[in-house]
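Please study the sequence and the three-dimensional model shown below.

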Amino acid sequence: MLSTIGAGVGTAALAGCVGNGGGDGGPLTISVFGGAFKEILDRELFEPFSEETGIEFQSQASGGTAEVLPTIESAVQAGEAPMDVQILTFSGVLRGLNSDLWHRWGTDEFDNLEFVREDLINTDENGDLFTIPGLGWFINLVHNFDEVDDGPTSWNALWDSRWEDSLGLMTPAVTGYLPDIAAVTRFDEGQELLETEEGIERVFEELEGITDQGALWYTNEANFQSRLAQGEIPAGMLYHDITRVLRIEQDAPIETTFAEEGSIFETGEWVVPRTSENLEDVRTFIDYALDPEVQDRVARQLFTTPVQEDEHTSLDDEEYENAAGPGIDAAIHPNFEMYVEQEELVNTLWDELIGER
């Protein structure tokens, strides 16, 4: 079944249009996270796409949701598009959905959509696509093995005094999904707690117990990567894909571990400002990116997780494990809607009980 996002995250978003679009907007502009992530996508995705289709492109590095969304919103309101296609986390997609930023697609506009896991496909109340999953990744436990013989294997380490003032942790709550981690790891009710305000408050009270372990609360992952690789901060939480790239390409003494309770799984989503004039080229690009062969090629180099059903992958067992560990079904899937619908409560509790200590 296709996942349907309804009025609970904003009815204004349903005003978007569906269609093939068109128009000559110049080279296709693709915006993705920077650093090694962009460098590998340039090499393994964007350049091969351009060579095979003849469509010119420009890739640009972008920050996270908090930085990107205001730029897109201002541009769309002015009838402009700062990029033709942007990769965002799903929580960021939902925020943009409430502001009516995204172009809508019919589900029959992408030939390769048939290969994608149905639980990763999201439609609005009209059955139209407002986002398309591009690739998946995990947030794992990581450690510097020159500094630590036995790194953390459970999220319970975040509450363990052994790691006092020793961990790099993500902030704010919507970045590292620590409320989901706490709910799964510390409560029998699990993520059901995040469905009520009372439950959210209980989870945050438990989360307060991790603050003594935090040596660095980071929004810029490059800062933690550097300090982790140098051994200044011996352990923490970080993206599995980038950690693997740093280990292989820079010989950094860092290890990534899939947590016993499940690592955090999220997808990088392709969204398109509804003011883009390159809709046909965008459609061609997204369809190309969904090709199982392309998904696997990127996974082998970037250690991201393919979004297609397992039966369509050419990755062998070792290659798949390198990218996805025990797999998507063993992971913690964040309650994305909670971070949007209860944004004020979540931010207030985070500031009061966690903060950046």
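**Exercise 1: The largest pocket**

Helices α1 (36-53), α2 (65-77), α3 (90-98), α4 (173-176), α7 (221-229), α8 (240-249) and α13 (343-354) each supply at least two residues of the lining of the largest pocket. The model is predicted: local features need pLDDT of at least 70, side-chain atom pairs count only at pLDDT 80 or more, and totals for chains, interfaces and linings use all residues. Residues are numbered from 1 along each chain as its sequence is written, and side-chain values use heavy atoms, with hydrogens and water left out. Helices (H or I, at least four residues) and strands (E, at least two) are DSSP runs, numbered from the N terminus.

Task: State which helix gives the largest share of the lining of the largest pocket, and describe this lining by class.

Solution. 
1. A pocket is an open set of points on a 1 Å grid over the protein atoms alone, with protein on both sides within 12 Å along at least five of seven lines; a cavity is a set where a 1.4 Å probe fits but cannot get out, and lining residues have an atom within 4 Å of a point.
2. The space in the largest pocket is about 980 Å³, where a volume is the space filled by probe spheres set on the points, which are joined across faces, edges and corners.
3. Of its 37 lining residues, G64, T65, T175, T219 and Y239 lie nearest the centre.
4. The largest share, 5 residues, comes from α2.
5. The lining divides into 16 nonpolar, 15 polar and 6 charged residues. Ala, Val, Leu, Ile, Met, Phe, Trp, Tyr, Cys and Pro count as nonpolar, Asp, Glu, Lys and Arg as charged, and the others, Gly among them, as polar.

**Exercise 2: The largest cavity**

Task: Identify the elements that line the largest cavity, and follow L45 from this lining into its contacts.

Solution. 
1. The whole structure holds 2 cavities of 30 Å³ or more, and the largest has a volume of about 70 Å³.
2. The elements giving two or more residues to its lining are β6 (132-144) and α10 (292-302). The largest share, 3 residues, comes from α10.
3. By class, this lining has 7 nonpolar, 4 polar and no charged residues.
4. Among the lining residues are L45, W270, A289, V294 and V298. Leaving aside neighbours within four places in sequence, L45 is in contact (heavy atoms within 4.5 Å) with residues including W270, A289, V294 and V298.

**Exercise 3: Strand β4 and helix α8**

Task: Determine which strands pair with β4, and explain why α8 is described as largely enclosed.

Solution. 
1. In β4 (residues 85-88), V85 and I87 on one side and Q86 and L88 on the other are all buried; buried means under 20% relative accessible area, exposed over 50%, and partly exposed in between (1.4 Å probe, protein chains only).
2. Strands pair if DSSP finds at least two bridges between them. Strand β2 (residues 28-33) pairs with β4 in the parallel sense over 2 bridges, and β11 (residues 264-271) pairs with β4 in the antiparallel sense over 3 bridges.
3. Q86 is the bridge partner of S31 and also stands opposite V271 in β11.
4. In α8, 7 of the 10 residues are buried, so this helix is largely enclosed by the rest of the structure. The buried residues are H240, D241, I242, T243, R244, V245 and L246.
5. Just after α8, D251 takes a positive phi of about 55 degrees.
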